[in-house]
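Here are my notes for your first look at this model. Please keep the sequence and the 3D view open as you read.

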Amino acid sequence: LHWHLSGSLTAQGETGAALAELEKYLAFGPAAVEPYERFAELHRKLGRADDLPAAVARLAQANPRNPAPKWVAAAVAMP
């Protein structure tokens, strides 16, 4: 539900609310890469790109057996 709400809110331009719903979904530790990519996209849209590497790294640390947030963390850490 939170994943779909995040997508709908993103489409409506409600970026802050979309990120809040997405963070609820990410608490479940999804295995797919797309939620973490959307997380990065929403952070950028909100002007939080400077905090993005640390935010994605926290998600990766919270779910150490899941490679998806680690891949996104490595991608956002690249210049």
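1. Start with one pair. Glu 41 and Lys 45 are four residues apart in helix α3 (residues 34-45), so about one helical turn separates them. Their side chains meet in a salt bridge, with N to O at 3.2 Å. A salt bridge here is a side-chain nitrogen of Lys or Arg within 4 Å of a carboxyl oxygen of Asp or Glu. Glu 41 counts as partly exposed because its relative accessibility is 35%. The cut-offs are under 20% relative accessible area for buried, over 50% for exposed, and partly exposed in between (1.4 Å probe, protein chains only).

2. Know the source. This is a predicted model: local features need pLDDT of at least 70, side-chain atom pairs count only at pLDDT 80 or more, and totals for chains, interfaces and linings use all residues. Residues are numbered from 1 along each chain as its sequence is written, and side-chain values use heavy atoms, leaving out hydrogens and water.

3. Now the other salt bridges. The whole structure has three. Glu 21 pairs with Lys 24, their closest N and O atoms being 3.4 Å apart. Both lie in helix α2 (residues 15-26), three residues apart, about one turn of the helix. Glu 21 counts as buried because its relative accessibility is 14%. Lys 24 is partly exposed, at 42%.

4. Asp 51 forms a salt bridge with Arg 58; the closest N and O atoms are 3.8 Å apart. Asp 51 is partly exposed, at 34% relative accessibility. Arg 58 is partly exposed too, with 47%.

5. Step back to the fold. The protein has five helices and zero strands. Along the sequence the pattern is α-α-α-α-α. Helices (H or I, at least four residues) and strands (E, at least two) are DSSP runs, numbered from the N terminus.

6. What radius of gyration does the protein have? It has 12 Å, which agrees with the value near 12 Å for a compact globule of 79 residues. This radius is taken over C-alpha atoms, and the globule rule is 2.2 Å times the number of residues to the power 0.38. The C-alpha trace spans about 30 × 25 × 15 Å along its principal axes.

7. Check the packing. Of the 79 residues, 34% count as buried. Among contacts (heavy atoms within 4.5 Å) between residues at least 6 apart in sequence, 42% join residues at least 24 apart.
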